[in-house]
Amino acid sequence: MKKYSAIPTPCYVLESERLEKNAKILEIVRQQSGAKVLLALKGYAFWREFGILRQKLNGCCASGLYEAKLAFEEFGGRESQKEICVYSPAFKEAEMSAILPLATSIIFNSFYQYATYKDRILDKNKQLENLGLSPIKMGLRINPLYSEVTPAIYNPCSKVSRLGITPSGFEKGVKEHGLEGVSGLHFHTHCEQNADALCRTLEHVEKHFKPYLENMAWVNFGGGHHITRSDYDVNLLIQTIKDFKERYHNIEVILEPGEAIGWQCGFLIASVIDIVKNDQEIAILDASFSAHMPDCLEMPYRPSILKVSIENDEELIEVEKGENQGAFSYFLGGPTCLAGDFMGSFSFDTPLKRGDKIVFQDMLHYTIVKNNSFNGVPLPSLARLDQQGFKILKNFSYEDYKNRN
């Protein structure tokens, strides 16, 4: 059976069964721990395939107005019994006016922002109460001064971090502004981490903020919990949440996975357009590392890939062997003019040919939400692969590039 060879490139392909598997794991966490689980749109926003996620999750968390609108339109809001939790390092006046009809909770990054918008939210809540609808919950993001995240670009508790209120800043803010209407706290200190990191983090959260937690109705543990990864300790996560709830009067706990939802549930497929030589063989693809897989360069990390060739009308799939481990080595580069649009050396047991395809594994989270059309390079199509076969869901055109500028 030919899985890859007929797919037009470049193309992001969602494997529906894998997404469903992830959704079921998160549903188990939700049911057994009593926590609410929200989809973090900043990590996974493939809204054309939200169906299974709507069934299994409690709603979405948004990083601003546009994500809140997407959540409302494609996932549902309070009237659908879904949560839309909105956090931003700083809200603008016009944004807040548009967010108020959408959000079920709003989290502020500073006491200044809280004080600026508090009365507007309290007024909005009176309107919602008159309509018999649930109020907007107000929260504050805290910085427990502890995170195990590397590299520093992803560490929200690094020195001079703009994300969250430090313990001393929180104490000062309470004295100046009080906590009227604030019902919850939020921290986000994780990135691709296991449940043991959460256990150690909670020690610092409670050390600095326990007196406030005791008077809150909810706490948001943020994202970065790699719940669907094969070695993740799901049982430890569930027990940790249950223990925390027991310590704090059955406080509501919220999780915001993004990467864990899109983890290992799709790929980006590219074609080898040309092979040139400059000290080493260099394959030029129709997919760009900098434009279509920016996390590979930002993190940085080396993606797992497959080589797909056709011989005698048969699809031959080969797993890449690692740098200089196979008989034939190639630098893989993209089609842009950026000299650094490449990811180093990859090797195979058989030669790479023009027309072969390269499958970059695990490319559904953070790639689609971050990609760009630098150099006028077309955005990859969006597609689904399931038991019924392959289907293109969205193609991008020149107009998409033009309208960005």
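The model is predicted: local features require pLDDT of at least 70 and side-chain atom pairs count only at pLDDT 80 or more, while totals for chains, interfaces and linings use all residues. Residues are numbered from 1 along each chain as its sequence is written, and side-chain values use heavy atoms, with hydrogens and water left out.

**Stop 1: helices H1 and H8**

Select residues 16-33, helix H1, together with residues 234-247, helix H8. Element names follow DSSP runs numbered from the N terminus, with helices (H or I) of at least four residues and strands (E) of at least two. The two helices pack at an angle of about 30°, and their axes are 9 Å apart. Axes here are lines fitted to C-alpha atoms, for helices over the stretch in contact, and angles run from 0 to 180 degrees between N-to-C directions. H1 is therefore roughly parallel to H8; angles under 35 degrees count as roughly parallel, over 145 as roughly antiparallel, 65 to 115 as roughly perpendicular and the rest as oblique. The crossing of H1 and H8 is right-handed, a label given if the near helix is turned clockwise from the far one by less than a right angle, and left-handed if anticlockwise.

Next, display the side chains where the two helices meet. H1 contributes Ile25, Ile28, Val29, Gln32 and Ser33, which meet Val234, Leu237, Ile238, Ile241, Lys242 and Lys245 of H8; contact means heavy atoms within 4.5 Å. This contact of H1 with H8 comprises seven nonpolar, two polar and two charged residues. In this classification Ala, Val, Leu, Ile, Met, Phe, Trp, Tyr, Cys and Pro are nonpolar, Asp, Glu, Lys and Arg are charged, and the others, Gly among them, are polar.

**Stop 2: helix H7 beside H8**

From H7, Ala195, Asp196, Leu198, Cys199, Leu202, Glu206 and Leu213 meet Leu236, Leu237, Thr240, Phe244 and Arg247 in H8. Eight nonpolar, one polar and three charged residues make up this contact of H7 with H8.

**Stop 3: helices H5 and H6**

Now select residues 111-130 (H5) and 167-177 (H6), which pack at an angle of about 30° with axes 10 Å apart. H5 and H6 are therefore roughly parallel to each other, and their crossing is right-handed. Phe111, Tyr114 and Ala115 in H5 meet Gly169, Phe170, Gly173, Val174 and His177 in H6. The contact of H5 with H6 has five nonpolar, three polar and no charged residues.

**Stop 4**

Which residues are the closest to the centre of the largest pocket? Select Lys42, Tyr154, His188, Tyr366 and Lys370, the closest among the 47 residues that line the largest pocket. Its volume is about 1200 Å³. On a 1 Å grid over the protein atoms alone, a pocket is an open set of points with protein on both sides within 12 Å along at least five of seven lines, a cavity is a set where a 1.4 Å probe fits but cannot get out, and lining residues have an atom within 4 Å of a point. Grid points are joined across faces, edges and corners, and a volume is the space filled by probe spheres set on the points. Strands E3 (59-62) and E4 (83-87) each supply at least two residues of the lining of the largest pocket. That lining has 21 nonpolar, 15 polar and eleven charged residues.

For the second largest pocket, of about 570 Å³, centre the view on Ala45, Trp47, Leu70, Ile368 and Val369, the closest to its centre of the 17 lining residues. Helix H3 (residues 65-74) gives the most to this lining of the second largest pocket, with three residues.

**Stop 5: the cavity**

The whole structure holds one cavity of 30 Å³ or more. The largest cavity contains about 40 Å³ of space. Select Cys191, Glu192, Gly224, His225, His226, Gly258, Glu259 and Ala260, which line the largest cavity.

**Stop 6: backbone geometry**

Finish in the loops. Thr150 and Pro151 are joined by a cis peptide bond with omega of about -5°; Pro151 is in the loop between strand E6 (137-141) and H6. The peptide bond from Met299 to Pro300 is also cis, with omega near -20°. Lastly, Asp313 has a positive phi of about 65° although it is not a glycine.
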